[in-house]
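This report covers helix packing, the nonpolar cores and a set of paired strands. The structure is shown first.

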Amino acid sequence: MPIAEPALQRLRMSWEEYLELPERPRAEWVAGEVVVSPPVGPDHGFAAVSLAAELRRHLPDGVVFTEVGLRLPGDRLRAPDVMVTDRWPEGAWVVDPPVLVAEVLSPSTRSEDTVGKSAEYAAGGVGQYWILDPEQRWLEVLQADRGGWTPLLRLDDETPRGQVVVPGHGVVHLDLTTLLRPAP
């Protein structure tokens, strides 16, 4: 019998209680509620590491992080799968708007990443939002545009290569086949 996919959990918790949590399980704080994510699967982990490596290679002046806290308006502390900033943060978390954030979708976090976080990242002044889906095999890059997002690039198995200009940092050349495990 297959094991069920772990579910995202939401727990009411004060900021002080949140700060006392251990680093694992992975937890974000959203306006008095802790959002606990289950451990990521192999496809998710591979995609996040691969994307971070490509960003670091193509954006040498940017600082690339994985799963580092990002303070956002409205009492939110998120931990994007990958984030690029202009400089090293002075405190425990990034507080200045990042150049870009990227989320790798998982079955348990798909709606949180595509709906909830999308609006929060736009409100927080994030420059670009990259969404990578290892299950459906696509990458979409969105550019901030007056409080929302404008699509810049979409890659999939039919169109696996493209490039994205990251303003002030350079051009990222992407090949979806290097970001995801080989198609079955």
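A residue is called buried under 20% relative accessible area, exposed over 50% and partly exposed in between, using a 1.4 Å probe and protein chains only. The model is predicted: local features need pLDDT of at least 70, side-chain atom pairs count only at pLDDT 80 or more, and totals for chains, interfaces and linings use all residues. Numbering starts from 1 along each chain as its sequence is written, and side-chain values use heavy atoms, with hydrogens and water left out.

Helices (H or I, at least four residues) and strands (E, at least two) are DSSP runs, numbered from the N terminus. Helix α2 covers residues 42–58. The expected span of a helix is 1.5 Å times one less than its number of residues; for the 17 residues of α2 this gives 24 Å, and the end C-alpha atoms are 24 Å apart, so the two agree. Buried residues of α2 are His44, Ala47, Ala48, Ser50, Leu51, Ala52, Glu54, Leu55 and His58. Their cover includes β4 (63–65), β7 (82–85), β8 (100–104), β9, β13 (170–175) and α4 (176–179).

A nonpolar core is a set of buried Ala, Val, Leu, Ile, Met, Phe, Trp, Tyr and Cys residues joined through side-chain atoms within 4.5 Å. The largest one has 26 residues, and Leu51, Leu55, Trp130, Leu132, Leu139, Val166 and Leu174 have the most contacts inside it. Helix α2 gives the most to this core, with five residues. Contact means heavy atoms within 4.5 Å. Leaving aside residues up to four places away in sequence, Leu51 touches Ala102, Trp130, Leu132, Leu174 and Leu179. A second, separate core has 16 residues, including Phe65, Leu70, Val101 and Tyr129.

Two strands pair if DSSP finds at least two bridges between them.

| Strands | Bridges | Opposite residues |
|---|---|---|
| β9 (residues 128–133) and β10 (residues 138–145) | six | Gln128 and Gln143 |
| β10 and β11 (residues 148–156) | eight | Leu142 and Pro151 |

Four residues lie between the strands in the hairpin of β9 and β10. The hairpin of β10 and β11 has two, and Arg146 in its turn has a positive phi of about 50 degrees.

Arg137, in the loop between β9 and β10, has a positive phi near 60 degrees although it is a residue other than glycine. Its relative accessibility is 11%, so Arg137 counts as buried. Glu67, which is not a glycine, has a positive phi of about 55 degrees and is found in the loop between β4 and β5 (70–72). Glu67 counts as partly exposed because its relative accessibility is 32%.
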